[in-house]
Amino acid sequence: MSPQDAGHETLSNLLHEERQFDPPTDLAASANVTRATYEQAAADFEGFWAEQAKRLSWGTEPTQTLDWSGAPFAKWYADGTLNAAYNALDRHVEAGNGDRVAFFFEGEPGDTREITYAQLTDEVRQAANALLELGVKTGDRVAIYLPMIPEAVVAMLACARIGAPHTVVFGGFSADALASRITDCGVEVVITADGGYRRGSPAALKPAVDEALKSCPDVRNVLVIRRTGQETAMTEGRDLWWHEYVGKQSTEHTPETFPAEHPLYIMYTSGSTGKPKGILHTTGGYLVGTAYTHWASFDLKPETDVFWTAADIGWVTGHSYLVYAPLVNGATSIMYEGTPDTPHKGRWWEIIEKYRVTILYCAPTAIRTFMKWGSDIPDGFDLSSLRVLGSVGEPINPEAYVWYRHFIGGDETPVIDTWWQTETGMHMIAPMPGVTAGKPGAAMTPVPGVAVEVVDMDGNPVGNGEGGYLVVTKPWPAMLRTIWGDDQRYVDTYWSRYDGMYFAGDGAKKDEDGDIWLLGRVDDVMNVSGHRMSTTEIESALVSHPKVAEAAVVGAADETTGQAIVAFVILRADAGDGGPDVVKELRDHVAKEISPIAKPRQIMVVEELPKTRSGKIMRRLLRDIAENRELGDVTTLTDSSVMNLIKENLAGQPTQE
């Protein structure tokens, strides 16, 4: 057997999950998606997506669903016209639902706002008029650099209303990161704030804009929202206070319709190196895909549900499932400015109890943090309103899934583990809550109307019980159209590995039932003595130990084995001091759960892991430490000092044999 063959065998025979949770009977009885939905989508792929387009209000109804003649450049609903902001706002007001709450906003200091669809519509009209007065035209790009406040939604929809693609830059990014994005897509107007609140203190934003614009001479205006009230330098002739300039505008504005393929936004992928990679999403297909999956994956009932996507608008999850899809669907959402532990570790559960949240959508890293803090915290709150739980951002460990379902969902709620990307725009793999028996850790099956496969290195589908590479075999409505300004890079990055298939960059496996498990980025598959092993599966084995709250695994260069497994773990509060006995116990546990080959060379017990503010663990930084290299860029981390603490902790530690 060749090392490659051995690798496939190792990759495909790791985690085996016996636990399954059937859909709740009452949910299944009234579910939005049934088994017949899958059959309908499979029988007539384009007809299915033509039907979903009826969720939107069109200026000109499309007569063509998909044009794939220029593959891999797709056009969806190309002869249709529409306006994204009208679909999100005005049509609900016209239908008599203007009094429905669009957002319950909770500021970190405790300030609150209840914003109805009618109020949000008026604010967006005013902001659209302000942008027009500043000379923003159809097709012009606008950068948005804001904290999690309602004006961020207003700014996005105001841009969409006038056909000006927005690029939202996460408020934790540096001046350099902001400048590179402004330059790449030719921004002339920036919307920002004096600052936002972070862990109980105001954190300035405007100085980063001022610094960035030193190298962006084409930016002619900056609109500044007053959030914290801190002293803010304003450049005369360029900078304008939002409350003064937008506040004076009329609430009358008639939206224009744009072609379905008109650019809606550009989102730069986080963690990219070199030239920023601007993912371009257009209007019609994106709104159809996100609105459908929001309704389907979460079994949304917009008249009664209170939906909370606990993600920043600076990430695609915030765009798709905090702003566009919930508003297009007429739903009521929560928007929260702060962190889960400010001013106390029960803040999320307090919000769920207060607003009777029915659907929670968050990242596994948050769930594992709550595990570390202990179940007694959520136990102190009434979470009985929750009926569906969602997971997003990275594969969820089986034990985190079970903890989430039990302690947050009361053993009643389905857990919807969603796989998708900035590039896909919408959910691609997710169990439907009224149909699928969920397995802890598995993303399960493609969404109706989505064609996903796991293939080997030659592009051939693998069998059940085998691992390989995740690909999408048919176009989908919310797919990226290109990389901004670089069509060739789009082709090379996503469509060159396998002929006619989109390669996501993720490893995956099918279990014995054919259900899909995500194994993380292909970069996170290690080759140890010729055996390919997924960091995700080793992390899951570690987290399945009762003493471990969270784990991150990397492959470090090793003279003997090619790569060696190095693990960084956070212990639960009651797990003891993390001495040599605990480390040995954990190494032996991995060997028992997977194989002696998977036993980590080293296990480091740490207090925290390096995470971006979207909650993703920065494994490349841990790899730098494991290989004694200088640390790479740490500007996107929530707390860059974490790396220094880990480095100090690692120094002098012997290899564990």
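This is a predicted model: local features need pLDDT of at least 70, side-chain atom pairs count only at pLDDT 80 or more; totals for chains, interfaces and linings use all residues.
Residues are numbered from 1 along each chain as its sequence is written, and side-chain values use heavy atoms, with hydrogens and water left out.

Secondary structure was assigned from DSSP runs numbered from the N terminus, with helices (H or I) of at least four residues and strands (E) of at least two; two strands are taken to pair if DSSP finds at least two bridges between them. On this basis, seven strands form an open sheet with mixed pairing, in the order S5-S4-S17-S16-S18-S19-S20. Strand S5 (112–116) and strand S20 (415–417) are the edge strands; each has a single partner strand, so one side of each lacks a neighbour in the sheet. From one strand to the next, the twist averages 20°, where axes are lines fitted to C-alpha atoms (for helices, over the stretch in contact) and angles run from 0 to 180 degrees between N-to-C directions. Within this sheet, strand S16 (residues 306–309) pairs with strand S17 (residues 332–336) in the parallel sense over two bridges, and Phe-307 has Ser-333 in S17 as its bridge partner.

Strand S24 (residues 502–510) is joined to S25 by five bridges, the two running antiparallel; Ala-508 has Leu-518 in S25 as its bridge partner.

Strands S9 (residues 195–198) and S10 (residues 201–204) run antiparallel and are joined by four bridges. Tyr-197 is bridged to Pro-202 in S10. Two residues lie between the strands of this hairpin, in which Arg-199 takes a positive phi near 55°.

Residues 35–88 are listed by UniProt, in an unreviewed entry, as "domain: Acetyl-coenzyme A synthetase N-terminal"; UniProt positions are given in the numbering used here, feature names are shortened, and annotations may be inferred rather than shown by experiment. This span is 41% helix and 11% strand, and its end C-alpha atoms lie 29 Å apart. The axes of helix H3 (residues 35–43) and helix H4 (residues 45–52) come within 5 Å and cross at roughly 115°. In this contact (heavy atoms within 4.5 Å), Thr-37, Gln-40, Ala-41 and Ala-43 of H3 meet Phe-45, Phe-48 and Glu-51 of H4. The contact residues comprise four nonpolar, two polar and one charged, with Ala, Val, Leu, Ile, Met, Phe, Trp, Tyr, Cys and Pro counted as nonpolar, Asp, Glu, Lys and Arg as charged, and the others, Gly among them, as polar.

Helix H17 (residues 535–543) is largely enclosed by the rest of the structure, because nine of its nine residues are buried. Among them are Glu-537 and Glu-539.

The structure holds 39 salt bridges, each defined as a side-chain nitrogen of Lys or Arg within 4 Å of a carboxyl oxygen of Asp or Glu. One of these pairs Lys-354 with Glu-106 at 2.6 Å, N to O. Glu-106 is buried, at 2% relative accessibility. Also in H13, Arg-347 and Glu-350 lie three residues apart, a separation of about one helical turn, and form a salt bridge with closest N and O atoms 3.0 Å apart. Arg-347 is buried at 5% relative accessibility, whereas Glu-350 is partly exposed at 29%. Elsewhere, salt bridges with shared partners join Arg-368, Glu-394, Glu-539, Glu-550 and Arg-619 into one network. Lys-137 forms a salt bridge with Asp-140, with closest N and O atoms 3.4 Å apart; Asp-140 is buried, with a relative accessible area of 16%.

Key:
Buried means under 20% relative accessible area, exposed over 50%, partly exposed in between (1.4 Å probe, protein chains only).
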